[in-house]
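Okay, thanks everyone for coming.

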Amino acid sequence: MVKEAGQNTDNKVNKKKNYITKFFVFLFWLLVWEAACVIIDQELFLPSPGSVLLAIIELVKKPVFWLSIFNSFLRIIIGFFLGFVTGALLAVLSYRSGLIYELISPLMKIIKSTPVASFIILALVWISSKNLSILISFLMVVPISFSNLLYGLKSTDEKLLEMAKVFRMGRWKQVKAIYIPAVLPFLVSAVSVGLGFSFKSGIAAEVIGRPANSIGLSLYEAKLYLMIKELFAWTAVIIIISVLFEKIVVRIIRHCGYNYENINKP
Amino acid sequence: MDIKVVNISKSFKGQQVLENISMTFGSGKITCIMGASGIGKTTLANIIMGLIKADSGDIFGLEGKKISAVFQEDRLIEHWDAVKNIMLVCRRDITKELIHKNLKEIGLTDYENKPVLSLSGGMRRRVAIVRALLSDYDVLIMDEPFKGLDSDLKKQVIDYVRKMTWGKTVIIITHNKDEVDMLHAELITMESKDINL
């Protein structure tokens, strides 16, 4: 009990230290940015952190800002979710059948190596610009989800699977006790990497497709009218949304995984 | 019905591990297999369990029989506690209270709500033994089940195994003749790769 309490205090101290370190790292790069602004002295090329912050405050006041965020976020998340589920299903099928793996694997390699811009331009021919970011996010996430989850499944402990076979353990029990704990770290990695990719590629698709009331269109217009502060502001907003959402999702998965591995009731 | 192993041979990557092995395990009896390391005892156990396919030969008397096992490694779900590990494979009529009673019977204390990962080797071994004994089985195969247990504890665990396996067919791989005596078991010694008993 005393040992556990001691460990908890140590963890809290470490967490606090970690936050302080992160704050100073953030402050350091902010100062570098400010210094670069002072040296360049051209707001048109590089606006200062302060003016970008003011631009964000101005943007936040406009209803179109929230509408754009909602539209873009929703489309990208739909694409991410569909891509993730499709990749996971293909990974399970490939794990179960070597033939399916041989069929799917080259397709995944092609998707991975094709430049996003090629997909975006091709996709514009096939579908409306409004749904472009869904398709692009989907395409970017499928191979990430596929390869991570397949790797996770392949890393499942063979000896535990043998144990399951000898004890005639049902499929669901095997999934619960053996597969999920093995796949969990790879799932977190796939979500973390996949979300980052889907936001980047989804916004890129919007910049090219320019659907109404979207982050991509706002970025494009900011660039077109040389509204550099707004361009930086939108970029900062995209980074904040992407990082926040990734952290929330990863935390939820980790929390579920932690509970999963530590619940002592079957 | 006895279990008959007839002319079993197995090789891995060109190296012959078992060659024309034949032996009989008496129904309802404990039979120990002894032999030098690397002679193929675990390979034979894996063939009987159906985890490895023999290159040639047959096994009779296992048709429709349920097998339980204590593996050479414990093969427990590391992040789960002892009770949860046992409940994963135990018979439907087994309650948590009965599991606690069984674990305490072989001297296991201070294991509750702890992942088996944090238990000592001897404790984990006993969890694996209780798991095997509380599962639904006709034939029990134990690969060096008492390794890592001190002599007093070993006697306690052996008495427990004898009591729990009464009337069941049990095959135990061991290196220790004392264990064979304590189990009042029949003994098969594997001395070469080609034995007939």
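**Sheets, cores and a chain contact**

Let's start in chain B, where strand 6 (residues 139–143) and strand 7 (residues 169–174) pair in the parallel sense, over five bridges. If you want a spot to look at, find Leu140(B), which sits opposite Val170(B) in strand 7 of chain B. And before I go on, keep in mind that this is a predicted model.

Now zoom out a bit. That pair belongs to an open sheet of five strands in chain B, with parallel pairing and the order 5-6-7-3-8. Which strands stand at the edges? Those are strand 5 (67–70) and strand 8 (186–190) of chain B; each has a single partner strand, so one side of each is left without a neighbour in the sheet. On average, neighbouring strands here are turned by 20° against each other, if you ignore direction.

Chain B also has an open sheet of three strands, and this one has antiparallel pairing, in the order 2-1-4. Strand 2 (15–25) and strand 4 (56–60) of chain B are the edge strands, pairing on one side only. The twist from one strand to the next averages 20°. Strand 1 (residues 3–12) of chain B is joined to strand 4 of chain B by four bridges, and the two run antiparallel.

Okay, on to the cores. The largest nonpolar core has 68 residues, and the members that touch the most others are Ile141(B) and Ile172(B). Who gives the most to this core? Helix 4 (residues 121–133) of chain B, with seven residues. There's also a second, separate core of 48 residues, and its members include Phe80(A), Leu90(A), Leu139(A) and Leu187(A). As a general point, nonpolar side chains in soluble globular proteins tend to be buried together.

Leaving out residues up to four places away in sequence, Ile172(B) touches Ile30(B), Cys32(B), Met142(B), Pro145(B), Leu183(B) and Ala185(B).

Another residue I'd like you to click on is Leu108(B), in the loop between helix 3 (96–105) and helix 4 of chain B. Is Leu108(B) buried or exposed? Buried, because 22 other C-beta atoms lie within 10 Å, and the cut-off for buried is 20 or more. Again not counting residues up to four places away in sequence, Leu108(B) touches Leu103(B), Met123(B) and Arg126(B). Its C-alpha atom is separated by 9.4 Å from that of Gly122(B), 14 residues apart along the chain.

Last stop, the contact between the chains. Chain B puts in 18 residues and chain A puts in 16 residues. On the side of chain B that touches chain A, strand 5 and helix 2 (82–89) of chain B each supply at least two residues, and helix 2 of chain B gives the most, with four residues. By class, that side of chain B has nine nonpolar, four polar and five charged residues.

Helix 2 of chain B is mostly covered, with seven of its eight residues buried. Among the buried ones are Lys84(B) and Asn85(B), along with Val83(B) and Ile86(B). And what covers the buried residues of helix 2 of chain B? The cover includes helix 8 (171–209) of chain A, together with helix 3 and helix 4 of chain B.

That's my tour; over to you for questions.

Notes: Residues are numbered from 1 along each chain as its sequence is written. Chains are lettered from A and ligands numbered from 1 in the order in which they are written. This is a predicted model: local features need pLDDT of at least 70, side-chain atom pairs count only at pLDDT 80 or more; totals for chains, interfaces and linings use all residues. A nonpolar core is a set of buried Ala, Val, Leu, Ile, Met, Phe, Trp, Tyr and Cys residues joined through C-beta atoms within 7 Å. A residue is buried if 20 or more other C-beta atoms lie within 10 Å of its own, exposed if 12 or fewer, and partly exposed in between; C-beta atoms are placed from the backbone. Two residues are in contact if their C-beta atoms, placed from the backbone, lie within 7 Å. Two strands pair if DSSP finds at least two bridges between them. Axes are lines fitted to C-alpha atoms, for helices over the stretch in contact, and angles run from 0 to 180 degrees between N-to-C directions. Ala, Val, Leu, Ile, Met, Phe, Trp, Tyr, Cys and Pro count as nonpolar, Asp, Glu, Lys and Arg as charged, and the others, Gly among them, as polar.
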